[in-house]
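Okay, everyone, thanks for coming.

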There are 2 protein chains.
Amino acid sequence: MILGLDIGGANTKAASSDGAYVESIYLPLWKHAPLTERLSELAVRNNPRAVAVVMTGELADCFSTKLEGVLSIKAAVESSFSCPVYFWGVRGFSWDDPLELAAANWSASASLVAQDFGQGLFTDMGSTTTDLIPVTGHPLAGRTDLQRLMRGELIYTGMLRTSLGALLPEVMIKGCKVPTSPKFFAITADAYLALGEIQPSDYTCDAPDGGGKDLTSALRRLARTVCADLEELGEDGAIEISKQAKARQIYLLKRGIEWLCSAYDLDRVIAAGIGEGLLADATQTLGLDCILISARYGRKLSSVFPAYAVARLLEPKL
Amino acid sequence: MILGLDIGGANTKAASSDGAYVESIYLPLWKHAPLTERLSELAVRNNPRAVAVVMTGELADCFSTKLEGVLSIKAAVESSFSCPVYFWGVRGFSWDDPLELAAANWSASASLVAQDFGQGLFTDMGSTTTDLIPVTGHPLAGRTDLQRLMRGELIYTGMLRTSLGALLPEVMIKGCKVPTSPKFFAITADAYLALGEIQPSDYTCDAPDGGGKDLTSALRRLARTVCADLEELGEDGAIEISKQAKARQIYLLKRGIEWLCSAYDLDRVIAAGIGEGLLADATQTLGLDCILISARYGRKLSSVFPAYAVARLLEPKL
């Protein structure tokens with residue numbers, strides 16, 4: 001087996017190059033999750049003949065610099081596997097500077113998309129962020145997160161972990177405009193749970209209050225964004241907030257897709273990630289074609305696409 | 001001594017009615033800080049003949065409802081002091097429903113302001129929130145946080161704990177617009193530390209990464225709001241972000257003050273809290289008079305004004 005790993009700040013994702021094995025483990029690095037232990041378990045369980053790695057976890061605030069983060073994650077992987085380990089950077093498997101490995105997971109995905117689909121805007125909406133990468137034969141994007149933020153290729157909005165206080169500075173409730181609290185009271189996972197678009201088992205991150213992932217707990221958190229009790233705001237009010245969170249995310253995606261498709265003259269979107277459906281909604285309103293990664297590889301691989309992509313990219317090199 | 005207490009979600013503040021004793025203790029209730037133990041120590045140390053209490057901590061997300069929060073905080077105070085304890089609600093020391101005690105600290109402050117200063121817009125900018133209360137003989141304001149958010153009487157922005165990702169959805173860096181991460185990477189305390197407007201000893205809350213309160217640590221956190229290393233963004237970039245955070249807060253305060261002074265025909269602002277200076281800056285741009293609570297009672301009492309106010313209000317009743 002060739003094992004692909006995508007080590008993020010919150011989740012470590014794993015997939016084999018044949019797509020038969022897929023796993024996502026909640027491993028919050030900023031809480032000092034035991035990365036080496038979990039990777040060693042993966043090594044024993046799968047016994048791969050080679051490992052291909054991408055990462056984004058170096059930005060976690062347990063590391064004072066990205067270089068420290070990259071080197072720490074690299075060391076954790078190398079000490080966990082006895083087989084050869086290959087790291088993918090923004091220029092591929094060859095790199096000179098460890099900083100080329102920082103936040104390069106989108107680049108592996110986009111390279112596989114270029115190979116398997118050809119031209120289009122590759123989009124991947126995960127729990128925390130969304131990548132929008134123009135693919136015109138090869139991927140075109142900034143090389144650091146900062147550059148990609150500036151160019152509209154990284155939208156810091158996700159299906160689960162985005163703080164509602166940041167996503168929605170104000171909400172409309174029963175026709176009144178209400179500013180929200182900027183505190184970490186509720187997240188997009190609460191909104192999508194309230195709307196029935198995800199199930200409690202999809203709520204794979206911690207809840208902001210450390211509480212339950214049932215509907216009532218989510219509604220309480222949603223009410224807290226306007227400093228209210230659920231009893232005070234009512235379920236209708238919490239649902240109203242959730243709908244506005246979804247609408248705001250679709251607007252952000254739509255604006256980003258429109259800008260990049262127009263700038264690079266692309267007429268179709270290739271969508272991956274747990275937010276595939278939202279990306280499809282946003283694309284539809286623009287009258288562009290949308291190809292779902294899940295339609296070709298299945299939902300599970302779509303949700304860990306960078307891990308699968310980097311394993312696939314390593315295969316012909318061995 | 002008559003002891004006044006203001007029990008918030010993050011800080012518990014104490015002052016005596018004669019103003020000789022002032023204390024602020026960082027006691028994050030959502031992290032299950034030992035409230036009863038600390039209050040019992042206060043009781044032994046000060047041996048008050050009566051205690052007057054206001055609270056806002058019932059919104060902390062360790063409580064599933066405000067009622068649960070009010071009753072829990074009330075029980076903690078009552079078990080810590082052997083002298084009589086009086087709770088101030090939105091209608092004063094008499095109340096029928098425990099929910100009247102929820103988030104009523106502004107009401108004690110505004111009642112004392114009405115008595116000591118007469119008409120004006122009372123404003124109090126603390127670590128987390130800002131109250132704007134029209135005082136026309138008596139305080140006029142909504143009775144719940146939700147009502148006050150809707151009426152512009154509660155602005156959820158503060159000198160220390162406001163997340164920069166929520167305050168600034170995007171920033172300008174060297175002439176380019178950069179969206180920020182909505183994650184809890186940096187707070188206003190980092191911005192004011194970077195600008196030299198607060199000292200490390202004023203940084204009385206936890207840092208978002210649990211790290212240091214020195215200048216370099218703050219600059220690193222500021223850089224992380226645009227997914228950058230400090231080395232990548234540069235100190236200038238972090239300072240640019242800080243200046244925009246300050247400008248945004250002054251804008252929010254100015255807009256709120258202008259609206260309420262115009263709605264209630266008030267021509268002066270009475271400013272309290274650790275954000276007095278920012279309130280004065282905002283007021284100045286509007287051409288209104290600004291009276292500082294610190295000029296009358298000193299800086300220490302200004303920063304714990306609701307605790308002092310509720311103690312003062314109890315004095316004539318004993």
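So, how many salt bridges does the rule find across the interface of chain B and chain A? Two. Keep in mind that this is a predicted model. One salt bridge I can point you to has A:Glu232 and B:Lys66 meeting through their side chains, at 3.1 Å from N to O.

What about polar contacts in general? Between chain B and chain A, the count comes to 12 residue pairs, with both partners at pLDDT 80 or more. If you look at the side of chain B that touches chain A, the elements giving two or more residues include helix H2 (66-80), helix H7 (215-224) and helix H8 (230-263), and there's a strand on that list too, S11 (176-179). By residue type, that side splits into 20 nonpolar, nine polar and 12 charged.

Now the overall extent. We have 41 residues of chain B in contact with 41 residues of chain A. About 3,400 Å² gets buried between the two chains, and carbon and sulfur atoms give 62% of that. On the chain B side, B:Asp61, B:Tyr156 and B:Cys227 lose the most area to chain A, together 18% of what that side buries.

Helix H1 (residues 35-46) and helix H2 (residues 66-80) of chain A have axes that come within 8 Å and cross at roughly 35°. The crossing of H1(A) and H2(A) is right-handed. Among the residues making the contact are A:Leu39 and A:Ala43 from H1(A), plus A:Ile73 and A:Val77 from H2(A). The contact residues divide into six nonpolar, four polar and no charged.

Terms used:
Residues are numbered from 1 along each chain as its sequence is written. Chains are lettered from A and ligands numbered from 1 in the order in which they are written. This is a predicted model: local features need pLDDT of at least 70, side-chain atom pairs count only at pLDDT 80 or more; totals for chains, interfaces and linings use all residues. Side-chain values use heavy atoms; hydrogens and water are left out. Contact means heavy atoms within 4.5 Å. Buried area is the accessible area (1.4 Å probe) that two parts lose on being put together, summed over both. A salt bridge is a side-chain nitrogen of Lys or Arg within 4 Å of a carboxyl oxygen of Asp or Glu. A polar contact is a pair of N or O atoms within 3.5 Å; within protein, one must be able to donate a hydrogen and the other to accept it, and residues adjacent in sequence count only if both atoms are side-chain atoms. Helices (H or I, at least four residues) and strands (E, at least two) are DSSP runs, numbered from the N terminus. Ala, Val, Leu, Ile, Met, Phe, Trp, Tyr, Cys and Pro count as nonpolar, Asp, Glu, Lys and Arg as charged, and the others, Gly among them, as polar. Axes are lines fitted to C-alpha atoms, for helices over the stretch in contact, and angles run from 0 to 180 degrees between N-to-C directions. A crossing is left-handed if the near helix is turned anticlockwise from the far one by less than a right angle, and right-handed if clockwise.
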